[in-house]
Amino acid sequence: GVVRFVLEVVEKAGANPCPPLLIGVGMGGTMDKAAVIAKRSLLRPIGEPHPDQHIADLEKELLKRVNGTGIGPAGLGGVTTALAVHVQTWPTHIGGLPVAVNLQCHAARHAEVVL
């Protein structure tokens with residue numbers, strides 16, 4: 001259900017969040033905790049997998065499926081809808097598993113240096 005939900009969010013957003021995206025997913029805790037950890041997951045460097053192999057495998061699956069949507073950069077089609085998917089978890093009861101998805105647009109991936 002989590003994979004289906006994340007894909008649904010990405011497909012509904014389409015080109016609005018300015019792909020290629022960095023996607024943060026928070027699972028567990030309460031809904032407000034899930035939202036916070038979804039945002040916090042975006043702070044992990046791109047390319048650094050989750051330390052728990054099970055969650056790292058989920059990140060890989062999500063990235064493959066998101067990039068399979070064909071939305072592509074700027075929504076013009078292609079194979080790179082997202083650069084990475086980062087999942088953060090928090091203990092919770094499975095019967096009430098909250099999931100939050102944060103789509104970070106390209107605007108947050110800029111850096112400046114003054115020499």
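Start with the sheet. Select strands β2, β1 and β3, in that order: these 3 strands form an open sheet with mixed pairing. Strands here are DSSP runs of E with at least two residues, helices are DSSP runs of H or I with at least four, and both are numbered from the N terminus. Two strands count as paired if DSSP finds at least two bridges between them. The edges are β2 and β3 (99–104), each of which pairs on one side only. From one strand to the next, the twist averages 15°. For such angles, axes are lines fitted to C-alpha atoms (for helices, over the stretch in contact), and the angle between N-to-C directions runs from 0 to 180 degrees.

A quick word on what you have open. This is a predicted model, where local features need pLDDT of at least 70 and side-chain atom pairs count only at pLDDT 80 or more, while totals for chains, interfaces and linings use all residues. Residues are numbered from 1 along each chain as its sequence is written, and side-chain values use heavy atoms, with hydrogens and water left out.

**Stop 1: strand β1**

Select residues 21–28, which make up β1. On one side, 8 bridges join β1 to β2, and these two run parallel. Now look at β3: β1 pairs with it in the antiparallel sense over 6 bridges. There you can find I23 opposite L103.

How many residues of β1 are buried? The count is 8 of its 8, so the strand is mostly covered, with buried meaning under 20% relative accessible area, exposed over 50%, and partly exposed in between (1.4 Å probe, protein chains only).

**Stop 2: G28**

Stay in β1 and pick G28. Its opposite number in β2 is W90. G28 is buried, at 0% relative accessibility. Show its neighbours and you'll see that G28 touches K33, A34, W90, P91, T92, L97 and P98, leaving aside residues up to four places away in sequence. Contact here means heavy atoms within 4.5 Å. Try the distance tool on G28 and L97: they are 69 residues apart along the chain, but their C-alpha atoms are separated by 5.4 Å.

**Stop 3**

Zoom in on S41, in helix α2. Is S41 buried or exposed? With a relative accessible area of 1%, S41 is buried. Leaving out residues up to four places away in sequence, S41 touches G24, V25, H86 and Q88.

Over in helix α3, pick L58. L58 counts as buried at 16% relative accessibility. With residues up to four places away in sequence left out, L58 touches V3, M27 and V87.

**Stop 4: two loops**

Go to the loop between α1 (2–13) and β1, where you'll find P20. The peptide bond from P19 to P20 is cis, with omega near 10°. C18 sits in the loop between α1 and β1 as well. C18 isn't a glycine, but it has a positive phi of about 60°. It is partly exposed, with a relative accessible area of 29%.

Now jump to A74, in the loop between α3 and β2. A74 is another non-glycine with a positive phi of about 60°. At 46% relative accessibility, A74 counts as partly exposed.

**Stop 5: the largest pocket**

Which residues lie nearest the centre of the largest pocket? Select G47, P49, E59, A84 and V85, part of a lining of 13 residues. A pocket, found on a 1 Å grid over the protein atoms alone, is an open set of points where a 1.4 Å probe fits, with protein on both sides within 12 Å along at least five of seven lines; lining residues have an atom within 4 Å of a point. The elements giving two or more residues to this lining are α3 (53–67) and β2 (82–90).
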